[in-house]
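User: Please take a close look at one part of this model for me. I would like to understand its salt bridges and what they connect.

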Amino acid sequence: MSFDAATRKTFLRRYAEGPALLRRAWAEVPAEARTWRPAAGKWSAHEVVVHCADSETYSAIRIRLLLAEPEPLIVGYDENAWAQRFDYHASDPELAIHLVETVRAHTSALLERLPEEAWGRMGRHTQSGAYGTDDWLRSYGEHLEIHAAQIQRNLAAWRNR
C-alpha cells in the first residue's frame with residue numbers, strides 16, 4: 001500500500017521520534033526489573049532494548065536495499081532465536097539504545113533528503129512477499145512505539161507481581 005505525501009511525512013516523524021520513546025520507557029524501569037520476564041517465553045525490558053538494536057541495524061540495510069537495488073530480496077529472521085543465540089541479557093542495553101539512536105538519526109537524515117519519486121520502490125520479503133519502501137516505513141515507523149509500550153507493560157506487570 002502506497003502512502004500519500006502527508007501520511008509518509010507522519011510516519012517519517014514517528015520514525016525519527018521512536019528512539020526518544022524507547023529511551024524514556026527504558027529509563028522508567030528500575031535496575032532490579034530490567035531483566036525480569038513477565039512470563040515464560042516473553043522478553044524482559046533488557047531483551048526488548050537489545051532486540052531493537054539488532055532490528056534497527058538490519059532495518060537500515062533493508063531500506064537502503066529497497067532504495068538502491070533492483071528487486072531486492074529482504075530476508076526475514078527469527079527474532080526469538082536471535083535473542084537466545086546472542087544472549088541478549090549479556091549485551092549492554094545502553095550501547096543498544098545508543099546504537100538505535102545513532103542508526104535512526106543517520107537513516108532519518110537519508111530519508112528526509114529523498115525526492116518523492118524515490119518512494120514506491122518494491123522488493124520481496126522472504127516471509128511476507130511483496131515489500132516496498134512504504135511497507136518498510138509503516139513497520140519501522142511503529143516499531144519502537146510498539147516496543148516502548150511493551151517495556152511499559154513489563155514494568156506494570158513487574159510492579160503488580
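Analyst: Glu17 and Arg13 join their side chains in a salt bridge, at 3.1 Å from N to O. Both residues sit in helix H1, four residues apart, which is about one turn of the helix. Glu17 is partly exposed, at 41% relative accessible area. Arg13 is also partly exposed, at 43%. Keep in mind that this is a predicted model.

Next, look at a pair that reaches out of the helix. The side chains of Arg23 and Glu101 form a salt bridge, 2.5 Å from N to O. Arg23 belongs to helix H1 and Glu101 to helix H4, so this pair links distant parts of the chain, 78 residues apart. Arg23 is partly exposed, with a relative accessible area of 28%. Glu101 is partly exposed too, at 25%.

Now turn to Arg8. Its salt bridge partner is Glu116, and the closest N and O atoms are 2.5 Å apart. Arg8 lies in helix H1 (residues 5-27), while Glu116 lies in the loop between helix H4 (93-113) and strand E2 (122-125), so the pair ties together parts 108 residues apart in sequence. Arg8 has 5% relative accessibility and counts as buried, because buried means under 20%. Glu116 is partly exposed, at 46%.

There is a further link here. Arg8, Glu116 and Asp134 are connected in a network of salt bridges.

Finally, the wider count. Searching the whole structure gives eight salt bridges. Among them are Glu17 with Arg13, Arg23 with Glu101, and Glu116 with Arg8.

Conventions:
Residues are numbered from 1 along each chain as its sequence is written. This is a predicted model: local features need pLDDT of at least 70, side-chain atom pairs count only at pLDDT 80 or more; totals for chains, interfaces and linings use all residues. Side-chain values use heavy atoms; hydrogens and water are left out. A salt bridge is a side-chain nitrogen of Lys or Arg within 4 Å of a carboxyl oxygen of Asp or Glu. Helices (H or I, at least four residues) and strands (E, at least two) are DSSP runs, numbered from the N terminus. Buried means under 20% relative accessible area, exposed over 50%, partly exposed in between (1.4 Å probe, protein chains only).
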